[in-house]
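This report goes through a single protein model part by part. Please look at the sequence and the structure first.

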Amino acid sequence: MRRVHLIELHELPGFPSVWRDLVTDFLSFFFRVFRPYARAAPLLGEALAAAGSRRVVDLCSGAGAPVLSVLPELEALGRAPGSVVLTDLYPNLEAFRRAAAAGSGRVDFVAEPVDATAVPAHLGGFRTLFTAFHHFPPERARQVLEDARRDADGIAVFEFTERKLWLWAVPVLLIPLLAAACTPFIRPFAWRRLLFTYLLPVVPAVAGWDGLVSNLRTYSPPELLELAELDADDPFVWRAGRVPALGLSGITYLVGWRTGGS
């Protein structure tokens, strides 16, 4: 694989939680406003129906916006899950609580850290990862898929980044400016958000660097299928490819579900 696994700052264990939450809040705002994953809803809905699953367990949720942003499309298709559970290795609890309060009883969260390579057995259902699978180097990525293959109804991986710098160079360079432009509109208001965006521009700098690294890390569809290690005894049906989105080259996906449903 030709991907480059550089370090994303916000995923480092020692990264200050207040900065991490501000970065994920900015990303959450981006996903709510621009909704890049809306075009992925038919794929996810088909997989949920094929797996016979009514519960989505979202891994590496950040502030939860990516998975929640596709719910209106799933509802329009008549394939919305009965419940969505938000999880993360570094849970943004304030954002999770806001999402649960606005979720009309359909959105829940896990307050404790959840490792996507070893999801607790009681979190059964269909797993999703939005803009997160690139965090895992190949060995760990295989563990994520193997853990899902063992215990879940299915799994869907979606990434709107891509290893094409000729395509993404300008958007990546604009991320710090986008973070600064969006900050006054992010709710709830917090003085620390202004401090670490304008006076000490941690959020724009981290978002810009991590955006670049995310593109360099992103797996291609053939690489995703390679990680899934297709064989005759695999209990999952797998599909990988790209769907158009945001006017760029599209969303990379890997979707798998247990044969015969749950």
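## Basis of the model

This is a predicted model, in which local features need pLDDT of at least 70 and side-chain atom pairs count only at pLDDT 80 or more, while totals for chains, interfaces and linings use all residues. Residues are numbered from 1 along each chain as its sequence is written, and side-chain values use heavy atoms, with hydrogens and water left out.

Helices (H or I, at least four residues) and strands (E, at least two) are DSSP runs, numbered from the N terminus. A residue is called buried under 20% relative accessible area, exposed over 50%, and partly exposed in between (1.4 Å probe, protein chains only).

## Nonpolar cores

In soluble globular proteins, nonpolar side chains tend to be buried together. A nonpolar core is here a set of buried Ala, Val, Leu, Ile, Met, Phe, Trp, Tyr and Cys residues joined through side-chain atoms within 4.5 Å. The largest such core has 35 residues, and those with the most contacts inside it are Y37, L44, L74, F126, F158 and I251. Helix 2 (residues 41-51) gives the most to this core, namely six residues. Another core lies apart from it, with 27 residues, among them L59, V114, A132 and L227.

## Helix 5

Helix 5 spans residues 93-102, and its residues A95, F96, A99 and A100 are buried. Viewed down the helix axis, the buried residues of helix 5 fall within an arc of 135°, so they line one face of the helix. The arc is that of the directions from the helix axis to the C-beta atoms. A101 and A102, on the other side of helix 5, are exposed.

What covers the buried face? The cover over the buried residues of helix 5 includes helix 1, helix 3 (65-69), strand 2 (83-86) and strand 3 (107-109). Contact, here and below, means heavy atoms within 4.5 Å. After helix 5 comes S104, which has a positive phi near 55°.

## Salt bridges

Side chains of opposite charge can pair when their charged atoms come close. A salt bridge is counted when a side-chain nitrogen of Lys or Arg is within 4 Å of a carboxyl oxygen of Asp or Glu. The structure holds 17 salt bridges. One of them joins R239 and E46, with the closest N and O atoms 2.7 Å apart. R239 lies in strand 6 (residues 236-243) and E46 in helix 2, so this pair ties together parts that are 193 residues apart in sequence. R239 is partly exposed, at 38% relative accessible area, and E46 is partly exposed at 29%.

R106 forms a salt bridge with E75, and their closest N and O atoms are 2.5 Å apart. Because R106 lies in the loop between helix 5 and strand 3 and E75 in helix 4 (residues 71-76), the pair ties together parts that are 31 residues apart in sequence. R106 counts as partly exposed at 23% relative accessibility, as does E75 at 42%.

R150 and D147 form a salt bridge with the closest N and O atoms 2.7 Å apart. These two residues are three places apart in helix 6 (residues 138-151), which means that about one helical turn separates them. D147 is buried, with a relative accessible area of 3%. R127, D147, R150 and D151 are linked in a network of salt bridges.

## Buried residues in detail

N92 lies in the loop between strand 2 and helix 5, and at 2% relative accessibility it counts as buried. Not counting residues up to four places away in sequence, N92 touches D21, T24, D25, G62 and A63.

F29 lies in helix 1 and is buried, with a relative accessible area of 12%. Leaving aside neighbours within four places in sequence, F29 is in contact with C182, F185 and I186. A190, in the loop between helix 7 (165-182) and helix 8 (191-199), counts as buried at 10% relative accessibility.

## A nonpolar surface patch

V4, L6, I7, L9, L12 and W209 make a nonpolar surface patch of about 450 Å². Patches are made of residues with over 30% relative accessible area and no salt bridge, with like charges joined within 9 Å and nonpolar side chains (Val, Leu, Ile, Met, Phe, Trp, Tyr) within 5 Å. Accessible areas come from the Shrake-Rupley method with a 1.4 Å probe, and for residues only the protein chains shown count as cover. V4 is found in the segment before helix 1 (17-34) and is partly exposed, with a relative accessible area of 37%.
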